[in-house]
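Hello,

Here is the structure I promised to pass on. Please open it first, then read my notes below.

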Amino acid sequence: MESHVNAKRLFNHATTLKLHTGNLVNRSRLKKKCPSSPSEELQDCIQGTLSEWFAAMPSSLDSELPSVLDCTIPENTEAITPEEREELKVSVKLFLTEAHRSSIRSAVDMACLSLGVSQLDSVIIAPPPLPEGEAQTLTHLQPLWEELESLVQSQKIAAIGTSDLDKTLLEQLYNWAQIKPSSNQVNLASCCVMPPDLTAFAKEFDIQLLTHNDPKELISAAGFQEAVQGSSKDLQVANWRLEWVLRYSIIVKSRGIIKAKGYIVHAKKGSDH
């Protein structure tokens, strides 16, 4: 049971967790069960990746325990080679739990590093869920959008898009933004038909409307803690909080098939904000 003891020591010492599930296209073939929702898939992946990582740990740990747990399983992860980069489209959706601009930059940097690319083809931002009864406004979006714009300017991202904006908000963002949104994702659960005013606006300004089935909150704080807890016994999870989740898919342009998809997750320990 050495790995449980080590997992516990590592986990109790660390203050940051970076987790990369690696390519789920290969992994899901091995699993009989199909996740019923994006939330369930993510929870399974966090638990599975952590379990595998803990199991592969050396039995003796260095006396210097790391403060950052970099939880990646090398054989599940293949970087994109420069030769194949042209053929592939790397699309990302970033789910923020907290409205920190710095999270956007660190998520994009980590995705580029993990996937072996210098630029992401598209990034769609899903702002943090708001308290019940509050509506998303341009003021909420502006700082996040400015961060995305600066990443486009530094050529880390080619195109940026939004998620779940209605026509009014999309128009406000479009008029204000220096770099315009190239796409807006609409949740099909909330509307089976695209709102006509949104469709007309998007068509006029060449914004691609995409559909998605992600819940408002991709994974709850409790769901995240449960996934971590499930990976190894006796882990203290109460003071860990999720900062962001990035989901990527790598598509072979000519064939339109998904070569790889996965999640990168970032969490912090402690109540200091």
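Start at the loop between helix H6 (138-153) and strand E5 (157-163), where Gln-155 is found. Keep in mind that this is a predicted model. Phi of Gln-155 is near 60°. That is a positive value, and the residue is not a glycine. Most residues other than glycine have a negative phi. Is Gln-155 buried or exposed? Its relative accessibility is 58%, so Gln-155 counts as exposed, the cut-off being over 50%.

Now go to the other end of E5. Asp-164 sits in the loop between E5 and helix H7 (167-176). Phi of Asp-164 is also positive, near 60°. Asp-164 has a relative accessibility of 41% and therefore counts as partly exposed.

The largest nonpolar core has 44 residues. Which of them touch the most other members? They are Leu-120 and Leu-246. In soluble globular proteins, nonpolar side chains tend to be buried together.

Glu-243 lies in strand E8 (residues 240-252). Its relative accessibility is 10%, so Glu-243 counts as buried, which here means under 20%. What does Glu-243 contact, leaving aside neighbours within four places in sequence? Leu-96, Thr-97 and Glu-98 are in contact with Glu-243, and so are His-266, Ala-267 and Lys-268.

Finally, the whole chain. There are 9 helices and 9 strands. The radius of gyration is 19 Å, close to the 19 Å that the globule rule gives for 273 residues, so the chain is as compact as a globular protein of that length. Its C-alpha atoms fill a box of roughly 60 × 45 × 40 Å along the principal axes. Buried residues make up 45% of the chain. Of the contacts with a separation of 6 or more, 75% join residues 24 or more positions apart.

The surface comes last. The chain exposes about 13,800 Å², and carbon and sulfur atoms supply 53% of that area. There are 27 positive and 34 negative charges. Their mean positions are 3 Å apart.

Best wishes

How values were computed:
Residues numbered from 1 in each chain as written. Predicted model: local features only at pLDDT ≥ 70, side-chain atom pairs only at ≥ 80, totals over all residues. Heavy atoms only, no water. Helix = DSSP H or I, 4+ residues; strand = E, 2+ residues; numbered from the N terminus. Rg over C-alpha atoms; globule rule 2.2 N^0.38 Å. Buried < 20%, exposed > 50% of the residue type's maximum accessible area, 1.4 Å probe, protein only. Contact = heavy atoms within 4.5 Å. Areas by Shrake-Rupley, 256 points an atom, 1.4 Å probe, with all protein chains shown as cover. Lys, Arg positive; Asp, Glu negative; His and termini not counted. Charge placed at Lys NZ, Arg CZ, Asp CG, Glu CD. Core = buried A, V, L, I, M, F, W, Y, C linked by side-chain atoms within 4.5 Å.
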